[in-house]
Amino acid sequence: MTRLAWRGGLLLAAWLLPAGLALALAIGAPGEFASDAERTQYETLIRELRCTVCQGETIHESNAALAGDMRERVYEMTRDGQSAAAIVDFMVSRYGDYVRYRPPLQANTALLWASPLLLLLAGGGVWWRVVRQRRATTAPPTFTAEERAALERLRRGD
Amino acid sequence: MKWRLLLPLAAVMALLGVLLVGLGLNSRELPSPLVGQPAPAFTLTALEDPERVLTEADFIGEVALVNVWATWCSTCRAEKPLLMELAGRGIPIHGINYRDERAAARRYLAISDNPYRTIAFDPEGDAGLEWGVYATPETYLLDAKGVIRYKRTGPLSRELIRDEVLPLIDELRAEQREGTS
């Protein structure tokens with residue numbers, strides 16, 4: 001019985017090992033790094049570069065072939081001792097600013113960066129007006145002496 | 001007092017307008033930073049001959065198109081008759097066979113038309129990365145000096161060829177004649 005279990009286990013391992021290996025290769029697990037700094041740079045960069053095919057994903061998340069190519073290039077350039085800025089510049093010079101997952105603050109993205117603040121200001125303005133108007137309508141009414149007298153008569157039922 | 005009532009309506013209309021414009025935009029069409037840049041360097045082998053080395057210099061010399069294609073790319077297959085027409089008009093077209101298999105690509109060209117003068121075989125997508133390829137087919141227009149003057153991501157269409165590609169080719173050829181005379 002135990003022997004059978006052993007054999008089963010071995011068979012399972014023989015099946016799973018290549019599958020796992022293939023998966024690791026498909027995802028493009030990087031090889032060795034010379035230092036932790038290199039590894040950190042690689043891990044950071046693949047989360048900051050966008051896969052231009054599957055536009056909502058970084059090249060870290062994407063399974064597209066192109067993302068694999070880009071990860072490989074980031075890996076090679078990192079191993080070559082290139083700086084993060086140089087690698088990002090390399091990608092931007094080929095795929096454009098869009099490849100940066102976090103858009104840089106520059107002239108053509110100023111509106112994009114300012115939009116949360118602008119929306120907040122606009123919302124604040126609307127809120128302020130609404131509050132002011134409401135205060136005006138809920139303020140206790142003020143009556144003249146004549147009106148008061150008239151109201152008093154009405155209440156008494158004259 | 002009336003303008004106050006109209007204000008939300010105007011705001012909604014403005015938002016709808018922005019969204020409508022957004023609908024018309026194609027988020028796949030990214031502006032290429034390569035337009036105006038020299039053709040990126042590569043070293044690959046010729047599709048027909050694994051012994052023959054091709055570089056970007058083999059694409060440069062006259063006004064020419066560079067088309068990135070693959071047999072697995074059905075849009076590329078659909079685009080090919082248009083490339084045949086362009087080749088028939090005497091426009092040189094070079095190919096980058098992208099992430100393909102050599103045998104499959106050669107078989108495909110053997111049983112159908114071949115619009116390409118030279119074809120660089122790029123199985124790993126190395127040249128593709130240098131050229132900023134992300135959605136085949138892609139077509140670049142090089143001037144005689146090898147500077148990229150136009151890029152189309154996705155298939156060419158008859159309208160694009162008529163309205164953009166052919167006029168630009170005429171312009172670049174005139175530029176070339178002026179430069180040499």
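Predicted model: local features only at pLDDT ≥ 70, side-chain atom pairs only at ≥ 80, totals over all residues.
**Exercise 1.** Determine how many of the residues of β3(B) are buried, and assign them to the faces of the strand.

*Solution.* The count comes to six of six residues, so the strand is mostly covered, a residue being buried if 20 or more other C-beta atoms lie within 10 Å of its own. Separating the faces, one finds Ala64(B), Val66(B) and Val68(B) on one side, and Leu65(B), Asn67(B) and Trp69(B) on the other, with both faces covered. One of these residues, Leu65(B), is, with Leu142(B), among those with the most contacts inside the largest nonpolar core, which has 52 residues. When neighbours within four places in sequence are left aside, the contacts of Leu65(B) are Leu86(B), Ile91(B), Ile93(B), Thr139(B), Tyr140(B) and Leu141(B).

**Exercise 2.** Explain why Tyr140(B) counts as buried, and list the residues that it touches.

*Solution.* First locate the residue, which lies in strand β6 of chain B. Tyr140(B) counts as buried because it has 26 C-beta neighbours inside 10 Å, where the cut-off is 20 or more. Not counting residues up to four places away in sequence, Tyr140(B) touches Leu65(B), Val66(B), Ile148(B) and Lys151(B). As for Pro92(B), which is 48 residues apart from Tyr140(B) along the chain, the C-alpha atoms of the two are separated by 12 Å.

**Exercise 3.** Describe the side of chain A that touches chain B, and then characterise helix α6(A).

*Solution.* Across the interface, 13 residues of chain A are in contact with 13 residues of chain B. On the chain A side, α3 (65-79) and α4 (84-95) each supply at least two residues, and the residues of that side divide into six nonpolar, four polar and three charged. Helix α6(A), residues 145-156, has 12 residues and reaches 17 Å from its first C-alpha to its last, close to the 16 Å expected. This helix is hardly covered, its count of buried residues being zero, and just after it Gly157(A) takes a positive phi of about 80°.

Notes
Residues numbered from 1 in each chain as written. Chains lettered and ligands numbered in written order. Helix = DSSP H or I, 4+ residues; strand = E, 2+ residues; numbered from the N terminus. Expected span 1.5 Å × (residues − 1). Buried ≥ 20, exposed ≤ 12 C-beta atoms within 10 Å, placed from the backbone. Contact = placed C-beta atoms within 7 Å. Nonpolar A, V, L, I, M, F, W, Y, C, P; charged D, E, K, R; others polar. Core = buried A, V, L, I, M, F, W, Y, C linked by C-beta atoms within 7 Å.
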